[in-house]
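Subject: Structure for you to look at

Hello,

Here is the structure I promised. Please open it first, then read my notes below.

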Amino acid sequence: MMVAAEKIEKPELIALRVAIFDFDGTLYSKETFQLMMDHLKNHPEHSRRYRQFYRAIMPPYIGHKLKIYPERKMRERSVQAYLSALETFSQKELEQYFGEIADRMHGDMNPRVVERLKNHVANNDYVMLVSGAFTPLLHAVTKQLPIKTIIGTEILYKNEILDHRTPISHIQGPLKTIKIKEALQGQDIDWANSYAYGDSHSDLPVLELVGNPVAVQPEPRLRTVATERNWEII
């Protein structure tokens, strides 16, 4: 007598939807680096370090303005110069310093984008923040927000003291998409129903990953692309 094999239905695996947020000009309505410069320049204890930083950033800044030095490299050197100005900081001191900056940022978060972020959480989307800003600063300023993964520019330490000599890996441009895919490795991602939010033309590689790109108060080049492609603009 033959017995029919039992049919076992496997549960359907649901692909993960992601919602990826840029920081400067998107979740945060202003520019982080400008605030960081102002904070160092006017700091009651550390303002003397500003001169060292200023001297270091002027050559690449002038080169960029003269269009003989790439913006990407100028940004990277500026971020490295900022860390060099803080060269004697311990990890604890640096986190406290970034906490001071974060306290000044809370009032300038973009309320409409914050609302979108919370709606994505309620919709069981996997929320990511991807930015060139320093990772400890991003954690400090968003600690009240339900973000699953934060990808930023990591700071290195030696014996719990800031390692300003080792070149940083500044998160910008195509490197953002590389880091996003690394963070999501092994996951089945529903890219077609995922979202990404950005304000700059440099955010295009991330915006093009998803089926629902959103331009947030976009600068002119991104606005042109978003309009041509019929993307949502807020």
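The largest cavity is lined by Ile 20, Phe 21, Asp 22, Val 130, Lys 176, Tyr 197, Asp 203, Val 206 and Leu 207. A cavity is a set of points on a 1 Å grid over the protein atoms alone where a 1.4 Å probe fits but cannot get out, and lining residues have an atom within 4 Å of a point. Strand S1 (18–21) and helix H8 (204–207) each give two or more residues to this lining. Helices (H or I, at least four residues) and strands (E, at least two) are DSSP runs, numbered from the N terminus. The lining has six nonpolar, no polar and three charged residues. Here Ala, Val, Leu, Ile, Met, Phe, Trp, Tyr, Cys and Pro count as nonpolar, Asp, Glu, Lys and Arg as charged, and the others, Gly among them, as polar. The largest cavity holds about 60 Å³ of space, a volume filled by probe spheres set on grid points joined across faces, edges and corners.

A note on the source: this is a predicted model, where local features need pLDDT of at least 70, side-chain atom pairs count only at pLDDT 80 or more, and totals for chains, interfaces and linings use all residues. Residues are numbered from 1 along each chain as its sequence is written, and side-chain values use heavy atoms, without hydrogens and water.

Now the helices. The axes of H1 (residues 32–41) and H3 (residues 71–85) come within 12 Å and cross at roughly 25°. Axes are lines fitted to C-alpha atoms, for helices over the stretch in contact, with angles from 0 to 180 degrees between N-to-C directions. H1 and H3 are therefore roughly parallel (angles under 35 degrees).

Best wishes

Methods
Parallel < 35°, antiparallel > 145°, perpendicular 65-115°, else oblique. 1 Å grid on protein atoms, 1.4 Å probe; cavity = no way out; pocket = protein on both sides within 12 Å on 5 of 7 lines; lining within 4 Å.
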